[in-house]
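Colleague: I'd like to walk through this one with you, a bit at a time. Could you take my questions as they come?

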Amino acid sequence: MNDLAVAAPTSERRATDAVPAPALLLGSIVSIQVGASIAVHLFPSIGPVATTFLRLLIASPLLLVAFRRSIDETARRNVGSIVLFGFTIAATNLCFYGAISRIPLGLAVAIEFVGPLGLAAATSRKRLDFAWIGLAAIGLGLLTPEIGSTLDPLGVGLALAAGAGWAGIVVMSRRVGQRVTGNAGLALAMVAGTLFALPVELAVGGLDRLDLGLLGAAAVVAMLSTALPLSLEFEALKRVTPRTYGIFMTLEPVIAAVAGALLLSQGLDSKLVIAIVCVTVASLGVTISDRRAVSDSLGA
């Protein structure tokens with residue numbers, strides 16, 4: 001994301017430099033979850049598919065402008081990987097927004113964490129990591145009796161699919177990041193993701209009910225869920241280790257639950273709270289025990 005720093009005025013760089021890195025990371029997480037909460041308010045009017053499409057459509061040119069100086073021959077040589085990355089981004093966002101239209105935001109984020117945790121288990125040789133995965137499984141197992149009664153089974157399924165997509169994003173972002181200069185791969189993948197989401201939107205519909213107010217709200221969602229958190233994370237990653245970044249990201253389910261309670265009036269019973277805590281602690285445990293410190297992580 002180094003193009004953001006190049007493009008920013010000197011006064012803005014000094015302002016962000018004055019903010020502690022942990023505060024920037026916390027701001028990024030809060031921004032993503034507030035953006036998701038605003039997106040939920042759009043669902044009754046235009047639906048989750050149209051909201052997803054608008055988020056991608058608005059965020060794509062912002063990223064292209066920010067990272068335009070990075071686009072070079074490496075992007076052209078890796079078009080296939082970029083397109084696959086874009087498809088993964090689009091599918092993950094569509095599944096996640098579909099999930100939070102049916103189940104509480106905090107719970108959806110907690111279930112989504114199963115994807116990265118599963119990836120950690122698949123690539124780890126540490127017994128402790130499998131114990132952390134077991135803790136997450138116990139937490140999610142508490143939800144089984146709720147599925148079909150208080151929990152929409154399709155919403156749970158979509159959250160799990162979003163988790164699988166998130167794991168795919170981690171893999172693809174590393175691959176594209178290693179092969180393509182700067183963050184051009186991310187910007188171009190967002191464009192590809194928009195194109196993939198377009199036929200889904202045309203099939204499902206929703207944009208026909210769009211007005212200026214809803215378009216403005218969608219622009220806010222794109223800024224809060226994509227442009228702003230990426231900028232904050234970039235500034236923070238210049239001053240913290242990837243491992244520290246990973247630890248902060250484990251706060252997402254908790255902050256999502258708080259955002260859902262405050263902004264969406266979504267109450268959580270004891271079982272849901274325990275499930276979120278189990279997944280959060282498991283994610284924290286895996287991150288702390290992983291001294292390889294993987295830094296790639298993107299939220300829908």
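Colleague: How are H3 and H5 oriented relative to each other?

Modeller: This is a predicted model, where local features need pLDDT of at least 70, side-chain atom pairs count only at pLDDT 80 or more, and totals for chains, interfaces and linings use all residues. Helix H3 (residues 21-67) and H5 pack with their axes 9 Å apart, at an angle of about 165 degrees. Axes here are lines fitted to C-alpha atoms, for helices over the stretch in contact, with angles from 0 to 180 degrees between N-to-C directions. Angles over 145 count as roughly antiparallel (under 35 is roughly parallel, 65 to 115 roughly perpendicular, the rest oblique), so H3 and H5 are roughly antiparallel.

Colleague: Which helix gives the largest share of the nonpolar patch?

Modeller: Helices are DSSP runs (H or I, at least four residues; strands are E, at least two), numbered from the N terminus. Four residues of the patch, the largest share, come from helix H5.

Colleague: Is Leu84 buried, exposed or partly exposed?

Modeller: Leu84 lies in helix H5. Buried means under 20% relative accessible area, exposed over 50%, and partly exposed in between (1.4 Å probe, protein chains only). At 41%, Leu84 is therefore partly exposed.

Colleague: How many salt bridges does the structure hold?

Modeller: A salt bridge is a side-chain nitrogen of Lys or Arg within 4 Å of a carboxyl oxygen of Asp or Glu. Arg76 and Glu73 meet in one (2.9 Å, N to O), and Arg209 pairs with Asp208 in another, the closest N and O atoms being 3.9 Å apart. The structure holds two.

Colleague: What separates Arg76 and Glu73 along helix H4?

Modeller: Residues are numbered from 1 along each chain as its sequence is written, and side-chain values use heavy atoms, without hydrogens and water. Arg76 and Glu73 both sit in helix H4 (residues 73-77). Because they are three residues apart, they are separated by about one helical turn.

Colleague: What is the phi of Ser265?

Modeller: Most residues other than glycine have a negative phi. Ser265 sits in the loop between helix H13 (252-264) and helix H14 (270-289). Although Ser265 is not a glycine, its phi is positive, about 55 degrees.
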